Amino acid sequence: MLRLLPAVSFFALLPISVEAQGDRPTEIERGWLESFLMTREERRASIEAMSRGDRAAFRRLFWMRRDPQPETPENEILDHYLGRVRLAERNFGQDGGYGGGGDRARVFVLLGMPVQTLSEPATDTTPERLLWVFPADPEQGVESIVEAHYLRDEDGGLWLENRSRVDEQLEEMRRRLIARPEIGFERDEEGRLVVPNLPAGGSKRARQVLERLTREGPGDGGFGLRVTPAYFRRNDEATYVALLYETAAGHLASAPDGQAAVSVFAKAVAGEEAREAPGSGNFRWETAHTAIHAADGSARFEASLILPPGRHRVLAGVVDEQSDAWGAAPIEIEAPAFRDSEPGFSTVVLYDETTTTEFGASEFTSNALPGRAFQFGRTHFRARSNAVFRQGETLGAFYFFYPGEREDDGELPQILAEYTLSRDGRDTGFILPEAIPTSTRQAAANAEIALDGFAPGNYELGIRIHYRGAIYETARSFTLVR
């Protein structure tokens, strides 16, 4: 027989607040949220996106649809439900499911605490059962009382017996969390998901400046801004382009700690239309909001685009969020085509080890994020745009090597990288062999070479990859000074 279990005792360990703890969600937490909040239509779109290699674009669209205030860098819906995910992980992680995300966690994240909890202990012939009862909430899309019936299996996992019924009752609630239904999952002529020009994080001020510049052109009303492509690599069937923005720190309003909050934007068009209508067209990109460090007399920060191969004219700009200042610059970008079926390199980023920073989760939410040319995992790199290094520094080189198409899903054989240095066209005798980690799609390499034993001069860093009995080569030039 079911017996009443006081909800207050069952949830005694839950804190009163269910708001997020202020730091970024982990991959598992974000996976929970997407799985729990996804509508039926979005689930079908997700399956299609995964089959087409469009998972990253789908995730950006998923959260853009659920950002009620896109003019702010926060996503209020994500923050609210992230708090519930962490409570669920703490209290129901033992239930089973992917990463601990079992059925009680799913129901709790959407509905919160039940108003009534009934328990039936296991007997010699029957398993343990649990009932959660939630009242109807028409304003949130829950039209009738929700009863969640759980059953404990032989392995100790607690599963929802009437999942289909509960999911049906919660579908309208999931739909109502979509704050921007005008953002859908549209595809371009090549079948890729299209991400709108200004994703969540771009400020209202940035959008206004972009709209005016699109109509009137950059003109002379803004401060000086230099924008250069810092890095190219393959991204699914397109090209990932990291743009390095540089301007004088005096153009931006800084807080006492030397930080300046800005929104960045870039708008691109390909082919012949670029000459006739600069600033028009659509593209896919990574970020629309960042914070930069401006204490050294210059401000350097980044935005990233995902573009199809070919020539593009890009109108890039930055808006100071603490004043009315803005800067814009039109640039030409030739996005290379990376062949999926043939081994090859991304471009190579040269950096100094002092400009490479790895961040913990809590630091991502501060407004003190330093400038960077691109990001790999939790590590941010800032490129040397002039490729000039000093004796005593460490030369860093980051790049991807693409092995080409795979006929199976097994592990790649070991890939060996060799690094050489030549000075003014002459071999210095330096060689550094290094095995690089691989996956079935790409190998990420990061070489570090101490420069204190080399004389000043013009150098070329040679990179040789040994793979499947063949050698693939690329090179980057730099200058070494005292």
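Reader: Why is R468 called exposed?

Author: This is a predicted model, and in it R468 has a relative accessible area of 56%. The word exposed is used over 50%, so R468 is exposed.

Reader: Where does R468 lie, and what is its phi?

Author: R468 lies in the loop between strand 24 (457–467) and strand 25 (470–481). Its phi is near 55°, a positive value in a residue other than glycine. Most residues other than glycine have a negative phi.

Reader: What makes D424 partly exposed?

Author: The relative accessibility of D424 is 46%. Exposed needs over 50% and buried needs under 20%, so D424 falls in between and counts as partly exposed. D424 also has a positive phi, near 50°, and its place is in the loop between strand 21 (415–423) and strand 22 (426–436).

Reader: Why does E171 count as buried?

Author: E171 has 4% relative accessibility. Buried means under 20%, so E171 counts as buried. The residue lies in helix 7 (residues 163–176). Leaving aside neighbours within four places in sequence, E171 is in contact with T39, R40 and E41.

Reader: What makes helix 4 mostly covered?

Author: Helix 4 (residues 55–64) has ten residues, and eight of them are buried. The buried residues are A57, F58, R59, R60, L61, F62, W63 and M64.

Reader: Why are helix 2 and helix 6 called roughly perpendicular?

Author: The axes of helix 2 (residues 27–37) and helix 6 (residues 103–111) cross at roughly 75°. Angles from 65 to 115 degrees count as roughly perpendicular, and therefore the two helices are roughly perpendicular to each other.

Reader: How do you know that helix 2 and helix 6 meet, and which residues are involved?

Author: The two axes come within 10 Å. Contact means heavy atoms within 4.5 Å, and by that rule W32, S35, F36 and L37 in helix 2 meet A105, R106, V109 and L110 in helix 6. By class, this contact has six nonpolar, one polar and one charged residues.

Reader: Which strands form the open sheet, and in what order?

Author: Five strands form the open sheet, in the order 19-25-24-21-22, with mixed pairing.

Reader: What makes strand 19 and strand 22 edge strands?

Author: Strand 19 (388–390) and strand 22 each have a single partner strand, so one side of each is left without a neighbour in the sheet. From one strand to the next, the twist averages 30°.

Reader: How do you know that strand 19 and strand 25 pair?

Author: Two strands pair if there are at least two bridges between them. Strand 19 and strand 25 have three bridges, in the parallel sense. F389 has L480 in strand 25 as its bridge partner.

Reader: Why is P456 called partly exposed?

Author: P456 has 24% relative accessibility. Buried would need under 20% and exposed over 50%, so P456 counts as partly exposed. P456 lies in the loop between strand 23 (443–450) and strand 24.

Reader: How far apart are P456 and R482 in sequence and in space?

Author: P456 and R482 are 26 residues apart in sequence and 6.3 Å apart in space, C-alpha to C-alpha. Not counting residues up to four places away in sequence, P456 touches Q391, R423, L480, V481 and R482. One of these, L480, is also the bridge partner of F389.

Notes
Residues numbered from 1 in each chain as written. Predicted model: local features only at pLDDT ≥ 70, side-chain atom pairs only at ≥ 80, totals over all residues. Heavy atoms only, no water. Helix = DSSP H or I, 4+ residues; strand = E, 2+ residues; numbered from the N terminus. Buried < 20%, exposed > 50% of the residue type's maximum accessible area, 1.4 Å probe, protein only. Axes fitted to C-alpha atoms, helices over the stretch in contact; angles between N-to-C directions. Parallel < 35°, antiparallel > 145°, perpendicular 65-115°, else oblique. Nonpolar A, V, L, I, M, F, W, Y, C, P; charged D, E, K, R; others polar.
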